[in-house]
Amino acid sequence: MSTTAPDPVVEADAPEVQQQGLSSWTAWRPSPPSARTLLLAFALLLPAIALLGDAGWPQALRIDLVPTLDSFADWVVDNRDTHPVFLYFLLHLSNTATASVDWVHGLLTSAGWTGLLAVSGTLAWYAAGAGRHGLRHAAVAFGALAGCGLLGLWEPAVETLALMLVAVAVAAALGLLLGLAAGLSDTAQRALRPVLDTMQVLPSFAYLLPLVLVFGIGTPSALITTVVYATPPMVRMTALGLRGADASVLEASRSLGSTKWQRLRTARLPLARHQLLLGLNQTIMMALSMVVIASVVGAGGLGESIYQALKTRDFGQGLTAGLAIVMIAVWLDRTTAAAGARTGARPGQRAAAVATVVAVVGLLSGQFLARGWPEGLTVDFAAPLNTSMDWIVGHFYQDVPVLGGTDVWAGGITTWVLNPLNDGLQALPWWSLLILAGLTARAVGTWRGAVTAVLALAAVGVLGIWGKSLYTLSQVLVAVALTLLPGFALGVLAARVGRVERLLRPVLDAMQTLPQFIYLIPVVQLFNAGRVAAITAAAVYALPAVVRITTQGLKQVDPAAVEASRSLGATTWQQIRQVQWPLARPALLVAANQGVVLVLAVVVIGGLVGGGALGFDVVKGLTGGELGTGLVAGAGIVCLGLMLDKLTQPKTPSASAAPAARH
Amino acid sequence: MITTIRHRASFRTGVAAAGLLALLTVNACSAAETTSSSKVVNLHTPSWVGAEVNTAVAAYLLEHELGYTVKTKQMDETPAWDAMSQGKIDAILEDWGHPQEEKRYVEGNKSVVAAGDLGVTGHIGWFVPKYVADEHPDVTDHKNLNKYTDLFKTPESGDQGQFIKGDPSYVSYDNALIKNLQLDYKPIEAGAEATHLAQLEQLYKNKKPFLTYWWTPQWMNATLDLVEVKLPEYKEGCDQDKDAVACAYPDVPLKKWMNAKFAAEDSDAAKFLKNFQWTTEQQNLVAKYVAADKMTSEKAAEKWVKENESVWKAWLPKK
């Protein structure tokens, strides 16, 4: 590889040779210093700059949007009963949303509990290709639903399921359309990308109140929030699938005289089937993570059960309801994944007939038995869960020999890491941070990325939330570090030891789908309300993605290379450090980037346990009715996200590979 | 080849259609059942237990004594006010004061009207645990708080003392108080009520000193023994300017609110909800059934209603 890289000195000299005499001083100019050198020099100078310049963002460069946004809320309230936009469009939208979720809920309830179990089981079986292989998936589907019933959560689970089915259907349809546009047109792809990023990073708490004002509480707002959050993966995967279609197949299809539309329908879409189903799968997971948020505006379901349980600090009951969400997630995940992975022939007519018979028998028996889950058939897990939680908190909070206990650690991290980092950032003049961001982004990626990073950071200052954003930024940086270290370690371990990976899988599943509200209580009990509690909650959420991407990256390293190094007598450590690690570097960088994005996604949750700053403002925006404050803080989080993304995202492989392919 | 595929496809479509049709028929039967009752009342279930039991008791009586169907909707306070103005919920039974929403909906578009007092008086203040007050008797006056910054300081608050704030949606002007009383304290957000309670409980269990925003009635007062810190006396209007405020929180007679249309219809349900009025002790008792004894709010309401017939008889509309 290194042989093809141009020698920087030669490159710098080349224009000079051609344009001799055009400007004489270029003749003796040394090659320009690299971004990395500049960055290092600048970083060393920072303490001096901090002493010289004024800290913070200048007052003159601010725009206060809060009053404008607040008066918008008043306008909506005053006009929503009379203005045509509401009467003839938005009201219909909100009524349709409510009606369709109610309809699906009625459908699910009327199937009866046996009917629902039978239908979901057979659907999973059929989707997995029927036969013996499908039985395992049928068992997962059956077990997940029956589990919700056993935990005494049948009713809320069905409510949640109804909302999720409609939300996923809408998100998938919308995602497919946008994905088609992005997959077929480069302009659409470029235009959609920032929109999709914003949809995922803008905290839903921030726009929930405006949605409530416009669309009303309950189903409509919950549905729209869920769709906004869950659509992007479907768009991305659809576009990816369409763009990745095998050129030779398309060529063949074209030579047979098919029209563009025929090619799309008969070749491109079927070829992208795998990506489409993966997109659907991700959309379902994202939608399920909105269940608790939806309950804040009265959408009911499992989210409400969690909210209710935590009010009385019944951690066990909250966790039980959370587990029901996890089970539904595992069920839908495995079913859609099986449908995506299925290869070979479709299940035959006999399988279809069997599935129909089982479903119909279930539905019929559902009509004779009671509609809901029988009350006698429930198990109470809450009490033992509470007891074990109390035990853990009691034993780890303080007075642990040698280690000191979580109370002491939290104090240590706050005093020795968070406070100095925050103080340092706050003491720097605004322009020096902009330069730092620009240089870092340039050293990691491209000039374009550097400009974006600087603009994003500047936007935070203009919005008047400079200090708060830096306060949040310092937490995010620490949280990312605390996520990446154990994440990489676990990832390496899982990649080398198969058993660890199998053991980790359900744990990681649960960590990703369990609503964060549930573990906030033990986190606060262990670490006290404050920034460390917020960071811990964020790390728990972001860790699974980092572990998974690291594991996958390491496992994809050519086994031959590892084998070769082993035969040369390399120790395990040497294999990891000198062979697997460098080869898996791209995957590791993606893991780091995902760690940043996911940590940012839970900044708001951190605001609920003393993280303060932006996360807290977003929460206050919804619960305290301060629309402007919430939206501006939300925008601040988006800007931080944009900047950190540019600071951690290396030149995309496709961008660097594209010119190479053209040669 | 193509024909067999098409054959299968049409067969599968047939199966799917048949299944859907079966579900639809089944659904049609059940849809007819649920639309019979028109006497429906929608009530707000708030995020704290005290107010939740108001709703539970009212709902129980509306259903069992007046023959209504009650739908309860749980959500945060600000969305609840908006829902009430739109008639999506009919009443809020416990309100601690929302001046901004009152201006917008009561005076503004007149979609919400007052429905009388709940009977419970709320009180907000600053509190320390009793074990701290016992050891340092003069800590219970704000003038002495600066003497105790070292006692209350945590890694999170640095050199200052730590003041633990309440849920972001609750009425508070602690930041202004700390500034205007020149206290050397740093306010820390403990977040949602659930995490605030978890934090206090943990500190209390480990006998650690803390200074916090707290209020009565509150069911946890049965287990946490807290002593109030004296703030400068509340005088009418001293909390008008939220930035200059330097006095204690007022006692708040908790209020009930109703959707204007619902109130104007003057149904039995509206009359009943206007009459609904009980004491702090009564509310705390039912709240304790829910929070400490882990009853569902319906069961707790049922228990209280069965034992206190004389109290709620007076709430029913006169025939």
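Let's start where the chains meet: 55 residues of chain B are in contact with 65 residues of chain A. Contact here means heavy atoms within 4.5 Å. This is a predicted model, where local features need pLDDT of at least 70, side-chain atom pairs count only at pLDDT 80 or more, and totals for chains, interfaces and linings use all residues. Residues are numbered from 1 along each chain as its sequence is written, chains are lettered from A and ligands numbered from 1 in the order in which they are written, and side-chain values use heavy atoms, with hydrogens and water left out.

Back to the interface. The two chains, B and A, bury about 5300 Å² between them. Of that area, 55% is on carbon and sulfur atoms. Buried area is the accessible area, taken with a 1.4 Å probe, that two parts lose on being put together, summed over both. Which residues in chain B lose the most area to chain A? They are B:Gln74, B:Glu156 and B:Pro168, together 12% of what that side buries.

Now the polar side of things. Between chain B and chain A there are 19 residue pairs in polar contact, both residues at pLDDT 80 or more. A polar contact is a pair of N or O atoms within 3.5 Å; within protein, one must be able to donate a hydrogen and the other to accept it, and residues adjacent in sequence count only if both atoms are side-chain atoms. Several elements of chain B give two or more residues to the side that touches chain A, among them helix H1 (2-34), strand S2 (69-74) and helix H11 (280-291). Helices (H or I, at least four residues) and strands (E, at least two) are DSSP runs, numbered from the N terminus. By class, that side of chain B has 25 nonpolar, 16 polar and 14 charged residues. In this scheme Ala, Val, Leu, Ile, Met, Phe, Trp, Tyr, Cys and Pro count as nonpolar, Asp, Glu, Lys and Arg as charged, and the others, Gly among them, as polar.

Next, salt bridges. Side chains of opposite charge can pair when their charged atoms come close. The cut-off: a side-chain nitrogen of Lys or Arg within 4 Å of a carboxyl oxygen of Asp or Glu. How many does the structure hold over all chains? The count is 23 salt bridges. Between chain B and chain A there are six.

Two that cross over. A:Arg80 forms a salt bridge with B:Asp82, with the closest N and O atoms 2.9 Å apart. B:Glu201 pairs with A:Arg313, and there the closest N and O atoms are 2.4 Å apart. Is A:Arg313 buried or exposed? A:Arg313 is buried, because its relative accessible area is 15%. B:Glu201 is partly exposed, at 23%. The cut-offs are under 20% relative accessible area for buried, over 50% for exposed, and partly exposed in between (1.4 Å probe, protein chains only).

Two within a chain. A:Arg236 forms a salt bridge with A:Asp197, at 2.6 Å between the closest N and O atoms. The pair links distant parts of the chain, helix H10 (residues 219-243) and helix H8 (residues 186-201) of chain A, with the partners 39 residues apart. In chain B, B:Asp138 and B:Lys147 meet at 2.5 Å, N to O. B:Lys147 is exposed, at 56% relative accessibility. B:Asp138 is partly exposed, at 28%. There is also a network: salt bridges that share partners join A:Asp333, A:Arg334, A:Asp509 and A:Arg548.

Chain B on its own, quickly. Chain B has 13 helices and nine strands. Of its 319 residues, 51% count as buried. One of interest is B:Ser111, in the loop between H4 and strand S4 (112-129). B:Ser111 counts as buried because its relative accessibility is 11%. Leaving out residues up to four places away in sequence, B:Ser111 touches residues including B:Met84, B:Tyr105 and B:Met258.

Last, confidence in chain A. The mean pLDDT, the predictor's confidence in each residue from 0 to 100, is 82 for chain A. There, 92% of the residues score at least 70. Where is confidence lowest in chain A? In helix H32 (residues 653-662), at a mean of 34. Helix H7 (residues 154-184) is highest, at 93. Over residues 653-663 of chain A the pLDDT is below 50, and beyond near neighbours in sequence that stretch has zero contacts in the model.
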